[in-house]
Amino acid sequence: MNENLNREVEELLHQLTLEEKASLCSGRDDWSSQSIERLNIPWIWMSDGPHGLRRAPATNKPGYGDQLPATCFPTASALAASWDVDLIYDVGIALGEECQALDVNVLLGPGVNIKRSVLGGRNFEYFSEDPILSGEMGAAFINGVQSQGVGTSLKHFVANNVETMRMYANSDVDSRTLHEIYLKPFEIAVKKAQPWTIMACYNRVQGEYGTQSPFLLTKTLKNDWGFEGIVISDWFAVVDRVEGIKSGMHIEMPGTNKVNDSLIVEAVKNGDLKEEVLDNIVRDILRVVLKAQSLEKEDADQKIEEHHNFARKVVGESITLLKNENALLPISKDKYKTIAVIGEFAINPRYQGNGSSEVKPVQIDNVMDILREEYGEEYTITYSRGYDLKDDNNFTFIEDAVEISKKADIVLVLAGLPLHYESEGIDRTHINMPESHNKLIDKINKANEKTVVVLTNGSAVAMPWAENTNTVVESWLGGQAGAGGVVDVLFGKVNPSGKLAETFPKKLEDTPSFFNFPAEEGNVLYGERMFVGYRYYDEKKIEPLFPFGHGLSYTTFDYKNIAVSDKKITDTTELSVSVVIKNTGSKKGKEVIQLYLTDKESRLQRPKKELKRFSKVELNPGEEKEITFKLDANDFSYFDSKRNMWIAESGQFDILLGSSSRDIRQKETITLNSTQKVPLGFDEYTFFSEYWNNEETREFLKEIVPVWISQFVPEGKTMDEAVFQDFFIEHPLIKMPYITNGECSAEDIKELVKKSSSITFTP
Ligand code: BGC
């Protein structure tokens, strides 16, 4: 930490009155933090986010309607499908530059919440169902933005997975799942990128509001992960402001006309809140505010054209080719002369989701214009509307579309989810596309088998027509340059390399949280525990429509020569895993190599496989490259909620390398010998059998109930060979006083538990 900055912070803190300190703990207005003119403490400007800047004309003006134009990049679903951390870092840089140009100090994003249910209303704004992929994407995004001297707000901390009753819903998630799945992406992003701010969620987690949870904000974020920035509330997420201060919630947003500031002052005066606690909060706020203002403002402009072209490139990297039978794609002159384009999306594109992330784009491309401009001379391009975006049940446009399709060499049907299907604040109730889109696709498939369906949607949809469709291209919500990216992929200018960051199920009933979504009387039971996304489909042996990690290319790749640095490791060793990837097709292309781990023997239930690393590599035809991944104990560990710690357990692990979660190409098995010392974790409810089976605690038992034990010792045998009846074995220790007819007392039990608490074992 910068010495001068620290000194300045201490000096200011010293001069601030109690009222001024309290005032710094809430916003000045809608989009800025409080300033103190008397001491030249500046305010900072915070704006949505995440996939573009939604800057209001002034900090006290609403962010809707007349916000300033900015580059609208693809939303997080699309960004994650690129599986390309370098690309996401560059998106961050571009966003940072736009913030610089429009005077914004903190961009409100990225969102790294897990897509727990396909129905989640904000899925388009989140990266993935997998914690590692979400965390890595988030970290790259933050590092990119912050490299430009602009802060970020990592949101929404944490377990913010439902929009229904979002201001009140309680995420009823067990501690192990919380750590392994929901906290993990935040942990990765905090440790790898130190966002300037973190946005506390609206919802409750294990019964406590995210804006006032000492467990989340102090213990986890600050103490366990070493977070150095400040926590801001989601807009109007604060419930009890004083409790928020005590638990480490720095700034309430937006400003609430000092209503809560006065409560803070009162709490200090009446002794409910220690002034040192408030001082710590203010100290952190000053550090961020002063850092933001002291950074050289680059001579930035919005780089409108450059960013638009870059956004088109990003879309090309994200588009996911789900199916390409009979190699209909890419389009080329030797194969086709007439192209029929069907679907209103071709002229009226859907490019982002509804809600606070809505960017006012600088320009919007559409597929028809781009096609005509770039390919109009070489091909005959026809168009039919196909459906009505405002009326899902209007089927009157289908007939014309069918007629046009019959006359074409190839048909491109642009279909998917209209804007009102996906929105912040509302969960979906089904995963169907409008009936008019599904019917249209069915009919066109029958009219012309060379049909390519290009989907536009921010989250998974059911595709009842998938089997009868040769080619399916997932184009996500591609932002303002989405259309160009689609055209680039269709014509092979860009070889598709996107991979699904979320499983596409065949039907809603197949999904992990089916029975527990959205909420019952405000309580969201995370009943599927850590079996989210592919973890669930693997365990239940359910065939998804398209699996996590899936995505095709116009070329093919071979995996060979898996090698590990050591087949026997400990929890203190680093393991290298390498594999050779070869482009075996005739086109230059990119492959995402995915490394999954399987714990073959474990004390606790574990998913069949879990993603741990990935890497995107570009290869020319015939070219091969060796890719190396490094793994350490963290990758092999699970979270033990009884002992409240991560444990890397001894045993065999399979290392799987594949092109998707269901397309594993190489495998190696290693053995981990743990040296970790783990507390035994025995208490008064631990079974008698467990105490007996442990050599050390057995001695304690022998001391307190020798007579009772002796009746189970077979003749001629020692006490250690005692044979207990099942009935006794499965009783918790606490029952011993009366099971042994009073041979030991409750006090003896307490003493035994105490003595056992210092014993450890190696897992
Ligand atoms: C959203 C946040 C957003 C904030 C400010 C809230 O309703 O949940 O994601 O950053 O509004 O617009």
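Where does Pro 518 lie? I found Pro 518 in the loop between helix 15 (482-490) and strand 15 (523-525). I take helices (H or I, at least four residues) and strands (E, at least two) as DSSP runs, numbered from the N terminus. A cis peptide bond, with omega about 5°, joins Phe 517 and Pro 518.

Before going on, I noted the basis of the entries. This is a predicted model, in which local features need pLDDT of at least 70 and side-chain atom pairs count only at pLDDT 80 or more, while totals for chains, interfaces and linings use all residues. Residues are numbered from 1 along each chain as its sequence is written, and side-chain values use heavy atoms, with hydrogens and water left out.

I looked up the peptide bond from Met 253 to Pro 254 and found it cis, with omega near -10°. Pro 254 is placed in the loop between helix 8 (241-247) and helix 9 (259-269). Lys 258 lies in the loop between helix 8 and helix 9. Although Lys 258 is not a glycine, its phi is positive, about 65°.

Entry on exposure. I use buried for under 20% relative accessible area, exposed for over 50%, and partly exposed for values in between (1.4 Å probe, protein chains only). Lys 258 is partly exposed because its relative accessible area is 46%. I then turned to Asn 741, in the loop between helix 22 (736-739) and helix 23 (746-756). Asn 741 has a positive phi of about 55° and is not a glycine. At 73% relative accessibility, Asn 741 counts as exposed.

Entry on Gly 120. I located Gly 120 in the loop between strand 2 (106-108) and helix 5 (131-146). Its relative accessibility is 5%, so Gly 120 counts as buried. Contact here means heavy atoms within 4.5 Å. Leaving aside neighbours within four places in sequence, Gly 120 is in contact with Asp 427 and Phe 517. Phe 517 is the residue that a cis bond joins to Pro 518.

Entry on cysteines. How many disulfides does the count come to? I recorded zero disulfides, a disulfide being a pair of cysteine sulfur atoms within 2.5 Å. Cys 201 is in no disulfide, and the nearest cysteine sulfur, that of Cys 25, is 19 Å away. Cys 201 is buried, with a relative accessible area of 0%. Cys 25 is also buried, at 0%, and lies in the loop between helix 2 (18-23) and strand 1 (46-48). Cys 25 and Glu 252 are 227 residues apart in sequence, yet their C-alpha atoms are 6.2 Å apart in space.

Entry on Glu 591. I placed Glu 591 in strand 19 (residues 589-599). Glu 591 counts as buried because its relative accessibility is 4%. A polar contact is a pair of N or O atoms within 3.5 Å; within protein, one must be able to donate a hydrogen and the other to accept it, and residues adjacent in sequence count only if both atoms are side-chain atoms. The side chain of Glu 591 makes such a contact with the side chain of Lys 499 at 3.1 Å and with that of Tyr 559 at 2.7 Å.
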